[in-house]
Amino acid sequence: MEMREYLVPIPPLERWRRDVAARPTPFTGGLRADAPEGARCVRLFVLPYAPFVSQMGEATLSAYYLASQTLYEYVRANCERPAFRLPLKPILAGYGIGRRGRNGLVAIEGMGTCFAVEAAWSKEEAPPRAWTEEPPLDDACKDCGRCLRACPVQALDGAGYVDTDRCLRALAAKNAPAMPEAAMALTGNSLWGCDLCQRACPRNAAVRPVPMPEDVRAAISLDRLLAGDTHALAPLIGANYARKARMRIRACLVAACLGRREHLPAIRALEGDPLVGPYAKWAARRLEAV
C-alpha cells in the first residue's frame with residue numbers, strides 16, 4: 001500500500017495534555033502540542049508496512065522501524081516545517097482517521113496498527129473535520145482482551161494506556177539503568193521490543209507478513225552487531241536506534257535468549273563496557289548455563 005496524506009485542522013489536544021500531566025513518561029516529555037506562528041493546519045503522512053515473518057532461532061527486527069525511518073526522511077526532505085514532536089496517535093484518533101485500542105495503539109482501516117506516521121505544519125487551510133476530544137476505544141476492542149493476555153509483562157491496563165516501566169519496547173529504548181533481568185529473559189529473538197500485542201490483535205488480521213529482505217537480515221547479523229558494526233543498519237532504521245551501544249545491548253540479549261553459545265566470547269569481551277556491561281554479564285551467565 002502507498003503512503004496516505006491527510007490535511008487536518010490544528011487540534012486542541014486537551015485530553016492529551018491532561019493525560020500527560022497525570023501520567024508523565026520519558027516518551028511524552030519531548031512532545032509538544034502547540035502550533036508555531038503562521039501554521040494553520042497539520043499535514044499527516046501515514047505509511048503502512050507489512051510485518052516480517054519471524055524465523056525460529058533467528059534474530060528479527062520489526063518492520064515498523066524501517067517504515068518510520070523512510071517516512072522521517074521523506075518529511076524532512078519534502079516539508080518546510082516538519083512537526084516531529086507532535087503527539088500523533090491522539091490526532092489520528094481524535095479526527096477519526098484511526099481508532100484507539102486496548103494496546104495503546106491506533107488502527108486504521110486496511111492497515112490495522114501496522115503503519116508509521118509523521119506530520120508537518122502547513123500554512124494551507126484544512127477542510128473542516130469533526131474532532132472528538134475523548135475518542136472511545138475501537139468497537140472491535142470492547143469484548144476482546146487478546147492483547148492484554150498476550151503481553152508478557154502486563155503493561156496494558158485495558159483502557160488504552162501502556163505502563164512504560166514494564167513495556168518491553170519502552171524498556172529497550174532505555175540504555176541505563178539496565179532493565180530488570182526478568183525483562184531481559186523475555187527479549188526472545190526481537191532486537192527491538194516484542195510486538196506481541198500487535199500480533200495478537202484481530203485488527204491486524206488482514207495484514208500479511210512478508211519475508212525479511214536480505215539486506216535487513218545481513219544488517220542485523222548478531223556477529224556484526226556485537227562487533228559494533230551498525231553501518232548497514234543505521235540507514236535502515238536511523239542513527240538513533242542504531243547506536244553502537246544500543247545494538248550491542250540488544251544483540252547480547254537476543255543471543256542469550258536464543259542460546260547462541262558461539263557468541264559467548266564476543267559477549268564476554270563487552271562485560272567491562274559501562275553501558276553494555278550489565279547486559280553482557282547477564283547474557284554470559286545465561287549462555288554458560290546452556
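This report looks at one helix and several salt bridges in a predicted model.

## Helix α13

Helix α13 covers residues 277-288, twelve residues in total. How far apart should its ends be? At 1.5 Å a residue, the helix should span 16 Å.

Which residues of α13 are buried? They are Gly277, Tyr279, Ala280, Trp282, Ala283, Ala284 and Leu287. An α-helix has 3.6 residues a turn, so residues three or four places apart point the same way.

## Salt bridges across the chain

How many salt bridges does a search of the whole structure find? The count is 19.

## Asp34 and Arg17

Asp34 pairs with Arg17 in a salt bridge. Their closest N and O atoms are 3.1 Å apart. This pair links distant parts of the chain, 17 residues apart. Asp34 lies in the loop between α1 (14-22) and β2 (41-48), while Arg17 sits in helix α1.

Is Asp34 buried or exposed? Asp34 counts as exposed because its relative accessibility is 55%, and the cut-off for exposed is over 50%. Arg17 has a relative accessible area of 30%, so Arg17 is partly exposed.

## Arg40 and Glu125

Arg40 forms a salt bridge with Glu125. Here the closest N and O atoms are 2.2 Å apart. The two residues are 85 residues apart and link distant parts of the chain. Arg40 is in the loop between α1 and β2. Glu125 is in the loop between β5 (115-122) and α4 (146-150).

Arg40 counts as partly exposed because its relative accessibility is 48%. Glu125 reaches 53%, so Glu125 is exposed.

## Arg217 and Glu58

The side chains of Arg217 and Glu58 also meet in a salt bridge, at 2.8 Å from N to O. Again, the pair links distant parts of the chain, 159 residues apart. Arg217 belongs to helix α8 (residues 214-219). Glu58 belongs to the loop between β2 and α2 (63-78).

Arg217 is partly exposed, with a relative accessibility of 25%. Glu58 is partly exposed, with a relative accessible area of 35%.

## A network

Salt bridges can also join up. Which residues are linked in a network of salt bridges? Glu5, Arg43 and Glu124 are.

How values were computed:
Residues are numbered from 1 along each chain as its sequence is written. This is a predicted model: local features need pLDDT of at least 70, side-chain atom pairs count only at pLDDT 80 or more; totals for chains, interfaces and linings use all residues. Side-chain values use heavy atoms; hydrogens and water are left out. Helices (H or I, at least four residues) and strands (E, at least two) are DSSP runs, numbered from the N terminus. The expected span of a helix is 1.5 Å times one less than its number of residues. Buried means under 20% relative accessible area, exposed over 50%, partly exposed in between (1.4 Å probe, protein chains only). A salt bridge is a side-chain nitrogen of Lys or Arg within 4 Å of a carboxyl oxygen of Asp or Glu.
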